[in-house]
Amino acid sequence: MEGGIRQPDHPMTKECRVGTQLHGQGVKRSFDDSKQFSRLFTSRVQGISIASLYFVEVFSGTAGLTAEVRRLGCQRSTGIGAHVTKQVKAPVKRLDLSDEAGQTLLWRILKDPRVFAAHLGPHVGHLPGPGRSVKSFGLHPLPLRSDKFPDGLANLPPRDQAHVDTANKLYKFSGEILAYCTKHGIICSLENPARSHMWNMPFLKSPLQGLSSQLQEVLFHHCMLGSKRRKRTKLLVNHCCFSHFRRECENAHEHDAWGTLPQGGQLLMKWSTHMGYVESGQPV
Ligand SMILES: [Zn+2]
């Protein structure tokens, strides 16, 4: 695509035109919402070269997704993370998003008219500081949340409460970013394990009030996308270009077992080392 970007084929596929069922909630994406989003997206990218467009990967870790998007031509794309390690695969801006100054800087980036897409994958590994490690709490860490109290259990010890408060700030901020992107024609995906308490947190849901008809859930098993683990992940997205990720494991192949492995004399969860989540799939 030379000299500019035209509206890609996917925003107005048949599925988008007629409305898409939102998993488990019975909410339909309306034709008007889809049309409005496509109009905003088109006005954002029309006539702008791909090389000038930004993709922003928030809580990017090693920024593997950013690296792939840059390879496709959006070379200004960047990761955002609290930690920048030597393992990063693309440029990552170091921002502490639990801090107001960090959030202000990220808003400045997201409000650049050349931002066309964003991805959010908040989890414990993105918290600044040492966080709450599996190691500190043994093989079966005490829960900090429950189905009834997704925002955090009552009467937690001060250290745990501080950790939950910080994590909640990040989830709330993630909801605010997804809401902003949805209202401004920026393609956005929010990722967490399918059974993460994050999905039920009022902190996350509050900023998304009134937008349910514009959001879709996409559930998939990683083993259907090349991984060896049967990890089930959920995306909450504002665009149907993610629909092809909907792949449930058919149990027609072998999986790597979950469990523990020795590392540096400590037992760490395989999940934790692989994806930055504790065994329960809860990002704490
Ligand atoms: Zn599988």
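1. Cys 188 touches Ala 117, Ala 118, Leu 178, Cys 181, Thr 182, Val 237 and Asn 238, when residues up to four places away in sequence are not counted. Two residues are in contact here if their C-beta atoms, placed from the backbone, lie within 7 Å. The model is a predicted one, in which local features need pLDDT of at least 70 and side-chain atom pairs count only at pLDDT 80 or more, while totals for chains, interfaces and linings use all residues. Residues are numbered from 1 along each chain as its sequence is written.

2. Cys 188 also belongs to the largest nonpolar core, which has 45 residues. Such a core is a set of buried Ala, Val, Leu, Ile, Met, Phe, Trp, Tyr and Cys residues joined through C-beta atoms within 7 Å. A residue is buried if 20 or more other C-beta atoms lie within 10 Å of its own, exposed if 12 or fewer, and partly exposed in between, with C-beta atoms placed from the backbone. The residues with the most contacts inside the core are Phe 116, Ala 118, Leu 178, Ile 186 and Cys 188. Two or more residues each come from helix H2 (31–45), E1, H3, E4, H6, E5, E6 and strand E7 (232–237). Helix H6 gives the most, with eight residues. In soluble globular proteins, nonpolar side chains tend to be buried together.

3. The chain has eight helices and nine strands. These are DSSP runs, numbered from the N terminus: helices are H or I with at least four residues, strands are E with at least two. Of the 284 residues in the chain, 35% are buried. Among contacts with a separation of 6 or more, 66% join residues 24 or more positions apart.

4. Seven strands form an open sheet in the order E3-E2-E1-E4-E5-E7-E6, with mixed pairing. Strand E3 (92–94) and strand E6 (216–221) stand at the edges with a single partner strand each, so one side of each has no neighbour in the sheet. Neighbouring strands are turned by 20° against each other on average, direction ignored. Axes are lines fitted to C-alpha atoms, for helices over the stretch in contact, and angles run from 0 to 180 degrees between N-to-C directions.

5. What is the sense of pairing between E4 and E5? Strand E4 (residues 115–120) and strand E5 (residues 187–193) run parallel and are joined by four bridges; two strands pair if DSSP finds at least two bridges between them. Within this pair, Ala 118 stands opposite Cys 188. E5 and E7 run antiparallel, joined by five bridges, and Pro 193 of the pair stands opposite Thr 233 in E7. E6 and E7 are likewise paired in the antiparallel sense, over six bridges, with Leu 235 in E7 as the bridge partner of Val 218.

6. Five of the five residues of E1 are buried, so E1 is largely enclosed by the rest of the structure. Tyr 54, Val 56 and Val 58 point one way from the strand, and Phe 55 and Glu 57 the other way. E1 pairs with E4 in the parallel sense over five bridges, and His 119 in E4 is the bridge partner of Glu 57. Three bridges join E1 to E2, also in parallel, with Val 58 opposite Ile 80.

7. E1, H3 and E2 make a right-handed β-α-β unit. A crossover is right-handed if, with the strands pointing away from the viewer, the path from the first strand over the helix to the second runs clockwise. Within the loop between E1 and H3 lies Ala 63, whose phi is positive, near 65°, in a residue other than glycine. Ala 63 is buried, with 25 other C-beta atoms within 10 Å.

8. Helix H6 (residues 158–183) has 26 residues and reaches 37 Å from its first C-alpha to its last, close to the 38 Å expected; the expected span is 1.5 Å times one less than the number of residues. After H6 comes Gly 185, with a positive phi near 75°. In the loop between helix H5 (134–137) and H6, Asn 155 is placed, and its phi is also positive, near 60°. Asn 155 counts as exposed, with 6 C-beta neighbours inside 10 Å.

9. Asp 33 lies in helix H2 and is partly exposed, with 18 other C-beta atoms within 10 Å. Beyond its neighbours within four places in sequence, Asp 33 is in contact with Ser 213 and Gln 214. Ser 213 is 180 residues from Asp 33 along the chain, yet their C-alpha atoms are separated by 7.5 Å.
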